[in-house]
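Open the model in your viewer and keep the selection tool handy.

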Amino acid sequence: MSDAVVTDVRMILLGTGTSAGVPIIGCDCEVCTSSDPRDRRTRSGAALLFTDEDGHERVVLLDCGPDHREHSLRHRLKRVDAIFFTHDHVDHTFGLDDVRRYNALMKSPIEVHCDLRTREFLERVYRHIFRRHENVNDSFVADLFVRTIAAGEPVDFRGVRFTPFEVLHGRLPVLAFRIEALDGAGRVAREQPGPLPLAYCTDLSAMPPASWPRLRGLETLVLDCLRHRAHPTHLTVAQATGIAREADARRTVFVHMTHDILHARDGAELPDGMELGYDGLVLDGA
Ligand SMILES: [Zn+2]
Ligand SMILES: [Zn+2]
Ligand SMILES: [Zn+2]
């Protein structure tokens, strides 16, 4: 029996593809023409769902990319309580306009947590949201309140702790998150429910030494795994399996794959405890 205040915790991998998505526009390769639904990958993002101490169902997004609307419709999301962004790239941020629908459904604003660089990007790109008073027409825009976060500074949200830590996406430091349930006293619960503790590490090419402690004792590791060939800003299969072996989570699920990865073929070659994610995969600790 878990001492966590939250229950029914699960993570849905909403999207597991690289920035172009798979199939890639105009490509006739074996993956892009595959009939295996697991080879259809929308842009990466995830949702953490749980029931809080008061019995309310909560939904927290990890990133909100250009396929978010489709993700929401597929999984019938009716609310989003908070969004944690890993970084400012388009494939992780260009769904933010659509969250205004949740504002209408929930009749409340949405908390957005991101680093300073991402905050500046969002405020520039979504000027119509953040400087609404300057809009020519007073249009219906998302209602957000943004909080700047930084690596090493945990954010507690309704019984769940999100600890951002730094990973290197090429030369760009971006955030990954260690997610843990809290107990009634606000400490990390001894018995973690469902897929927790879970580390969500999308978009990286290297794990800095200082971040390794965040990967200790994981139930679930969600990790970048672009393709077999080297890439300047993402992990190869060999690099990803190397990090996964070192981290030794009970279950490692790879995401952010491109069209070099054929699910059935490449998934079968992974070591025990490691697997390729796919759109819609639910991680519930089972
Ligand atoms: Zn990405
Ligand atoms: Zn292709
Ligand atoms: Zn990126």
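**First stop: the metal site**

Select the zinc ion (ligand 2): its site is tetrahedral, with angles of 105 to 115° among the four donor atoms (four donors count as tetrahedral if all angles lie between 85 and 135 degrees). This is a predicted model, where local features need pLDDT of at least 70 and side-chain atom pairs pLDDT 80 or more, while totals for chains, interfaces and linings use all residues. Residues are numbered from 1 along each chain as its sequence is written, chains are lettered from A and ligands numbered from 1 in written order, and side-chain values use heavy atoms, without hydrogens and water.

Now show Cys27 (SG), Cys29 (SG), Cys32 (SG) and His259 (ND1), which coordinate the zinc ion (ligand 2) at 2.1 to 2.3 Å; donors are N, O and S atoms within 2.8 Å of the metal (3.2 Å for Na, K and Ca), and with water not among the atoms, sites may look incomplete. Their spacing in sequence is C-x1-C-x2-C-x226-H.

Is Cys32 buried or exposed? Cys32 is buried, at 9% relative accessible area, whereas Cys29 is partly exposed at 23% (buried is under 20%, exposed over 50%, partly exposed in between; 1.4 Å probe, protein chains only).

**Next stop: Phe84**

Select Phe84 and list its contacts (heavy atoms within 4.5 Å). Beyond neighbours within four places in sequence, they include Val60, His113, Phe162 and Phe177.

**Last stop: Thr51**

Finally, pick Thr51 in strand β2 (residues 45–51); strands are DSSP runs of E, at least two residues, numbered from the N terminus. Thr51 is buried at 16% relative accessibility, and among the residues Thr51 touches are Val5, Asp8 and His56.

Terms used: Helices (H or I, at least four residues) and strands (E, at least two) are DSSP runs, numbered from the N terminus. Four donors count as tetrahedral if all angles lie between 85 and 135 degrees; four count as square planar and six as octahedral if opposite donors are over 155 degrees apart and all others between 65 and 115; anything else is irregular.
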